[in-house]
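Please open the model in your viewer and keep the sequence panel beside it. The tour below moves from one selection to the next and says what is to be found at each stop.

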Amino acid sequence: MIIVFKPTATVEDKTKLKEQLESRGYQIHASDGVNASLFGVVGDTSALDMNLLRVNDGVEKVMRVQEPFKRANHMFHPEDSVVNVCGVPVGGKKIQVIAGPCSVESIEQVTEVAQDVKAAGAAMLRGGAFKPRTSPYSFQGLKELGLDYLKAAREATGLPIVTEIMSADKIERFVEDVDLIQVGARNMQNFELLKELGKTNKPILLKRGLAATIEEWIMSAEYIMAGGNENVILCERGIRTFETYTRNTLDLSAIPAVKKLSHLPVVVDPSHAAGMWWMVEPLAKAAVAVGADGLLIEVHNNPECALCDGAQSLKPERFANLMKDLKGIAQIVGRDL
Ligand code: PEP
Ligand code: MN
């Protein structure tokens with residue numbers, strides 16, 4: 001970290017700040033130039049509050065030379081991480097596709113979709129049991145019963161199951177029954193939930209918040225990792241912008257950015273980004289082309305009657321065709337699918 005002083009800063013201002021930082025275990029390298037004098041702060045500065053340092057008398061500005069995240073940082077972990085979800089490696093050469101309905105609606109629905117997506121080559125089954133809906137009057141999910149139905153679909157197909165957790169009091173049940181625990185966009189900064197998930201060793205699928213910067217998103221991964229759970233997979237699902245034509249704006253640039261900053265695998269959810277089924281195919285192709293390690297795609301056997309997100313759900317046949325097309329793109333970018 002670099003602290004730049006104002007030309008008017010006094011020796012007392014600098015001495016006071018030096019003593020304060022040294023008492024916290026940092027080493028200070030002071031440099032007095034012709035136009036500016038500055039401190040180089042050496043040590044683990046991730047716990048230092050830049051805004052607080054700026055209020056010291058004589059300080060002009062404070063700059064980080066390193067990102068505030070450590071465990072998720074590519075710099076300290078040059079190898080890309082591969083997260084193992086019940087034998088399915090996420091982050092390796094093979095692009096893994098997670099597919100299934102937005103919500104679990106019945107045992108027949110989720111099992112049928114599971115069989116269809118498995119036949120098309122999906123590696124995992126998704127399905128919401130606890131649903132974070134904007135309106136309290138919308139379908140809220142089958143909750144525990146939904147988890148039971150997901151387990152039945154896993155039993156029938158062998159596909160690992162992915163579903164969203166909304167509160168820490170459900171962690172025990174999720175750890176027991178779910179293979180990949182999803183933290184939804186709306187809970188990306190539910191830090192108490194993240195801390196509790198950090199105490200487990202279950203793989204976590206961490207969606208990007210509705211209006212979260214890339215750094216905020218990685219810092220949320222850092223929360224889980226700081227607790228000792230390194231099994232984090234990031235998921236870009238579109239962000240809120242001024243554009244209203246699409247449900248969200250898929251931030252494709254976030255994929256190469258996150259892969260540069262972090263060693264964690266990144267999957268892309270084109271369904272929640274677009275909000276419209278016909279856009280899912282081109283966006284999924286683009287995601288593979290820019291380096292996504294996986295995709296999360298909503299598939300429903302009767303989207304017109306879906307209880308949630310039917311408009312963005314692919315029918316099983318379209319999903320199967322998309323999987324075929326994606327193979328070619330994966331090959332061009334040196335991946336398998
Ligand atoms: C979902 O995956 O069903 C979901 C609610 O996604 P998000 O948290 O990205 O909105
Ligand atoms: Mn959905």
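Begin by selecting strand S10 (residues 180-183), where Leu180 and Gln182 point one way while Ile181 and Val183 point the other way, and all are buried, buried meaning under 20% relative accessible area with a 1.4 Å probe and protein chains only. Helices (H or I, at least four residues) and strands (E, at least two) are DSSP runs, numbered from the N terminus. This is a predicted model, in which local features need pLDDT of at least 70 and side-chain atom pairs count only at pLDDT 80 or more, whereas totals for chains, interfaces and linings use all residues. Residues are numbered from 1 along each chain as its sequence is written, chains are lettered from A and ligands numbered from 1 in the order in which they are written, and side-chain values use heavy atoms, with hydrogens and water left out.

Since His272 lies in helix H9 (residues 270-274) and Asp309 in the loop between strand S14 (294-298) and helix H11 (316-332), the pair ties together parts that are 37 residues apart in sequence.

Stay with these two residues: His272 counts as buried at 8% relative accessibility, and Asp309 is buried with a relative accessible area of 18%. The side chain of Asp309 also makes a polar contact with the side chain of Gln312 (3.1 Å), a polar contact being a pair of N or O atoms within 3.5 Å where, within protein, one must be able to donate a hydrogen and the other to accept it, and residues adjacent in sequence count only if both atoms are side-chain atoms.

Finally, select ligand 1. A polar side-chain atom of His272 lies 3.3 Å from an oxygen atom of ligand 1, a polar side-chain atom of Arg237 lies 2.6 Å from an oxygen atom of the ligand, and an N or O atom in the side chain of Lys207 is 2.8 Å from one.

Key:
Buried < 20%, exposed > 50% of the residue type's maximum accessible area, 1.4 Å probe, protein only.
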